[in-house]
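Please find below my notes on the model under discussion.

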Amino acid sequence: MAKKLSLLVLSILIGMLVVACGNQAKQEAGQAGNKGRIAVVISTLNNPWFVVLGETAVQEARDLGYQATLFDSQNDNAKETEHFENILAAGYDAILFNPTDADGSVSNVEKAGKAGVPTFCMDREINSDAAVSQILSDNYTGCVELGRYFVEQLNGEGEYVELLGLVGDNNTWNRSRGFHSVMDNYPDLKMVAQQTADFDRNTAMEVMESILQAHPDIDAVFCGNDAMAMGAYQALAAAGKADEIMVFGFDGAKDVVESIGAGKIVATGMQFPRLMAREAARMADQYLNGQRDFPEKIPVAVELVTQDNVSQYVAYGKKQ
Amino acid sequence: MSMEFLSKLIEKLRVLVKLRYLVYAVLTGIVLYHSVYFEPLDQHQLQQNQGELQPAEFARDFWENRLLKNLERAVSASKLIHLFKNDMATAVQQYGQTLGISSTHSYLVQGQGRITAVNNNGVEINIEAPPDSPEVFIETRDIFGNAVRDASGLLNIDDFRSTMEFNAISVEINKIIREEVVPEILQETEVGRSIRFVGAAEVNEDNPEISPLHIVPIQVQFGDRQIS
């Protein structure tokens, strides 16, 4: 009898546990949302800027009532394709997408379109109208402003180096062309080296070290993103030249904003990854609610951050 | 089996092996011939660019056939500066062109006044109009960015394949201004001389820098002489 009683108690306890677990699962699903599923595919999570972009997109999608999952393409177009195949097979409703390559990523977006899954590009552009909309930093204009400030700081003369980002990314060339649209009108400003460092901090440090061997007397370095600016600064500091050579970045990353405040980096172009991620998630929500009329491209202004106005900014945005 | 027969057989086999290599070589040659072909680089680039936008041609056509024929809608500089000082929201709403999400807006502006100063960067003008004779600065050196393209309100980014194409239009428009409009201004400019102008200005609504209002020139007239 006692044995039967203990079995009964045990069954009740297990039953309660199962119900409790069920409730917990339901609660989590509720928190994650039940309007559908959104995939957030990011080119690389090896750069804090893209982590902010991806995590904000996931959070905004969840806040709008969707389940959201973050995928890291690790700057590898093949891995990105694999993610798209898995996302389409798993039946996601929309994709918030930060591509690895302006041309190489087009087929992934087209595949999603054919499967009826809308894609919204964030920050990086694809050379196609296959995405429903693309929300992008106005890199060109941002670098025109940065270029003007660069000329001002160098008094229109000197030797400089340019570190480029990934060559397959339109952002790399929009930044470089915006910068050169100013620079190339000043014949006394000479670019002595232009090399890619793949938007990567360690690569930039190595590239800068080798450039310094050949050109020890440069006056400034323009870097196509902040990760490369920090890598270049590290190389200059190691060579004891951090006080002589001016470093300019682009992004508005935490360490660079702090470095501008500390007088180490001269300036950067502030992009707004949180704004872009939120807008992309909202557009996906509107699309899934039936709206179809979206602008193909939405440029977002970039703001110049210098040692004079850095107090108005925080990492990845403006102080509220 | 005689030794002679054996040596003949070996010789025949050798010939067959040599023939086999020859056949392989011919087959490899055929495969390679059909896999690889050569053409001059300029011809290849020309073929690749077919169907793509030619920024210089596009900008020239835009300048002559669209922009210069649509300058009459430019707002008066004195009116605009007055609005900037007293009612920024109306200035943005009624006259500003905005690209995407931005607090900087572009304006097509026109006016007339007297040249008060000339320096390496441009021409300072005192506008002959009430209420407070504001000043404008006609740029002759810093002809950069997208002020003219965007202020015109005639081009839509969605009509271009990529942002790079859209930005390339600005580069070419600025080149026309730098090579055709600016030299004439520099030649005719003299302090005290009267001047009429149409141009493009960019103003940030949160941080307006309007003293003076910087203008990228599109069309300028000294007395009876028109430059554009």
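**Notes on cavities and sheet**

1. The second largest cavity is lined by A:Asn47, A:Trp49, A:Phe50, A:Asp123, A:Arg124, A:Asp169, A:Asn171, A:Arg175, A:Phe199, A:Asn225, A:Asp251 and A:Gln271. Two elements of chain A, helix H2 (48-63) and helix H6, each give two or more residues to this lining. It should be kept in mind that the model is a predicted one.

2. The volume of this second largest cavity is about 70 Å³. Its lining comprises 5 charged, 4 polar and 3 nonpolar residues. Among the charged residues of the lining are A:Asp123, A:Arg124 and A:Asp169.

3. In total, 3 cavities of 30 Å³ or more are present in the structure. The largest cavity holds about 90 Å³ of space. A set of 13 residues lines the largest cavity, and those closest to its centre are A:Ser137, A:Asp138, A:Asn139, A:Asn174 and B:Thr163.

4. Which elements supply at least two residues each to the lining of the largest cavity? They are strand E5 (133-137) and helix H6 (170-183) of chain A, together with helix H7 (163-188) of chain B. The largest share, 3 residues, comes from H7(B). By class, the lining of the largest cavity has 6 polar, 5 nonpolar and 2 charged residues.

5. Chain A contains an open sheet of 6 strands with parallel pairing, in the order E2-E1-E3-E4-E5-E11. Strand E2 (67-72) and strand E11 (297-300) of chain A are at the edges and have a single partner strand each, so one side of each lacks a neighbour in the sheet. From one strand to the next, the twist averages 15°.

6. Within this sheet, strand E1 (residues 37-42) of chain A runs parallel to E2(A), and 6 bridges join the two.

7. Helix H3 (residues 77-90) of chain A lies across E1, E2, strand E3 (94-97) and strand E4 (119-122) of chain A, and runs at about 180° to E1(A). Helix H10 (residues 273-288) of chain A lies across E1, E3, E4, E5 and E11 of chain A, with a direction at about 170° to E5(A).

8. Strand E5 of chain A links the two topics of this note. E5(A) supplies at least two residues to the lining of the largest cavity, and E5 also stands between E4 and E11 in the strand order of the sheet.

How values were computed: Residues are numbered from 1 along each chain as its sequence is written. Chains are lettered from A and ligands numbered from 1 in the order in which they are written. This is a predicted model: local features need pLDDT of at least 70, side-chain atom pairs count only at pLDDT 80 or more; totals for chains, interfaces and linings use all residues. Side-chain values use heavy atoms; hydrogens and water are left out. On a 1 Å grid over the protein atoms alone, a cavity is a set of points where a 1.4 Å probe fits but cannot get out, and a pocket is an open set with protein on both sides within 12 Å along at least five of seven lines; lining residues have an atom within 4 Å of a point. Grid points are joined across faces, edges and corners, and a volume is the space filled by probe spheres set on the points. Helices (H or I, at least four residues) and strands (E, at least two) are DSSP runs, numbered from the N terminus. Two strands pair if DSSP finds at least two bridges between them. Axes are lines fitted to C-alpha atoms, for helices over the stretch in contact, and angles run from 0 to 180 degrees between N-to-C directions. Contact means heavy atoms within 4.5 Å.
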